[in-house]
Amino acid sequence: MSRLFSHQMIRDGLVGCALLCCALAMICWPREISAAVREGMGLCYNVIIPSLFPFFILTSLVISLGLAGYLGRLLEPVMRPLFRVGGVCAAPLALGFIGGYPVGARAALTLYENGQCTKTEAERLLAFCNNSGPAFILGVVGAGVFADSRVGLLLCLIHAAASVCVGLVFRFYHRGGETPGGRTAAISITAQRFSSAFTDSVKGAVTSTLNICAFVMCFTVLIRMFLLSGLLPTLAAFLGKVLAPLGFTEAWARRLLTGLLELSSGVASLTGDGTLEGKAAMAAFLLGWAGISVHCQVLSFLGESGLSTKTYIGGKLLHGIFSAILTALIFRFWPLEAQVSSYLAAQVESIAYTDFSTALAVSAAAAWGIFLVFFLLAALGVRKKPAKTCRNRKKGMVQ
């Protein structure tokens, strides 16, 4: 099969047939396709732009102003033993957890382009720093899909834990790409003027946000085409038979296929029938995998950077698998009906049952709080550097 697709004429023929089918679908179902486009535009206007645009500006400022470099000096003893990456890589990890897809991947790429991490470190970082934000998990998945604060909080914690597990696995990736002793060469911290850094950040954020909105609308239309043409139900029926030994039905296979393509649509399909444990495990896998739509957004950033996409795709697949396994284990040994879970639900009910806009505002406030923390850590790094320099000068004078 791989040899068959290796021929250029066959690949071109398949692509041509796919484009022809898309054109025929737009001719046959113009109203449905237009409705899908409007749905995608509404999603971009109400969710994507207000949630990602500020975080893209924030990410660029943290790196352009040199804050990530100073943070790296302080967190080197933590990031290096755990993930075999420099301390400066803590910034994409933190921003990825707060800002959601694909803020962490964008921050990792910016570090690499600015020369603040090696190629191997950037590829390791891409495998586990591109995560869902708490606003989506708590507000949309927990409160919206499951209507249960316990599930939202549980999925949020599992998502973070699985990401750390992926990072621990990828610490063994490509050891030959490191410098002797397992450390990268010392990188001088350079910072732009705030005026130029701010204008560049805004322009870059506009471009990145528009790219993401384009992919969101594209996959919204594609999923609608697959449904109208009957392709998705047919594939779901086939996949349901293949995965029947694992307990999958056609309905579960359809949910899985939808989530593999686009995360929001896949998670929304979990509102139907099924056990709570099964739906939570499926949601955990889809959150870890993130969907091909998100992957296309990240790949559009990578472009000609030279970074391997295999580590990113492999990391997201592992993230989904680890998340599903952890969810199944927790539900088996600590069911949500236990008293400790009820106590936990009471503690977080006021947070997880808020609407999406409120959860998004809390997430944004947390991101700006982290930005202020970066400033404080940078100040500590600046104060430590002159002290070391003075001690070294005194030492040289004595000698």
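## Before we start

A residue is called buried when its relative accessible area is under 20%, exposed when that area is over 50%, and partly exposed in between. With that in hand, welcome to this structure, which is a predicted model.

## Three salt bridges

The model contains three salt bridges. One of them joins Asp200 to Lys203, whose closest N and O atoms are 3.9 Å apart. Both residues sit in helix H10, and because they are three residues apart there, about one helical turn separates them. Asp200 has a relative accessibility of 38%, so it counts as partly exposed. Lys203, at 53%, counts as exposed.

Let us turn to Glu121 and Arg80, whose side chains meet in a salt bridge at 3.1 Å, N to O. Glu121 is in helix H7 (residues 119–128) and Arg80 is in helix H4 (residues 67–83), so this pair ties together parts that lie 41 residues apart in sequence. Are these two residues buried or exposed? Both Glu121 and Arg80 are buried.

## Arg255 and its contacts

Another arginine to look for is Arg255, in helix H12 (residues 250–261). Its relative accessible area is 9%, so Arg255 is buried. Which residues does Arg255 contact, leaving aside neighbours within four places in sequence? The list is Gly266, Ser269, Leu270, Gly272, Asp273 and Lys279.

In soluble globular proteins, nonpolar side chains tend to be buried together. In this model, the largest nonpolar core has 78 residues, and the members that touch the most others are Val141, Phe146, Leu155 and Leu287. Helix H3 supplies the largest share of this core, ten residues.

Not counting residues up to four places away in sequence, Val141 touches Phe136, Phe146, Leu155, Val267, Ala283 and Leu287. There is also a second, separate core of five residues, among them Ala25, Ile33, Ala36 and Met225.

Terms used. Residues numbered from 1 in each chain as written. Predicted model: local features only at pLDDT ≥ 70, side-chain atom pairs only at ≥ 80, totals over all residues. Heavy atoms only, no water. Salt bridge = Lys/Arg side-chain N within 4 Å of Asp/Glu carboxyl O. Helix = DSSP H or I, 4+ residues; strand = E, 2+ residues; numbered from the N terminus. Buried < 20%, exposed > 50% of the residue type's maximum accessible area, 1.4 Å probe, protein only. Contact = heavy atoms within 4.5 Å. Core = buried A, V, L, I, M, F, W, Y, C linked by side-chain atoms within 4.5 Å.
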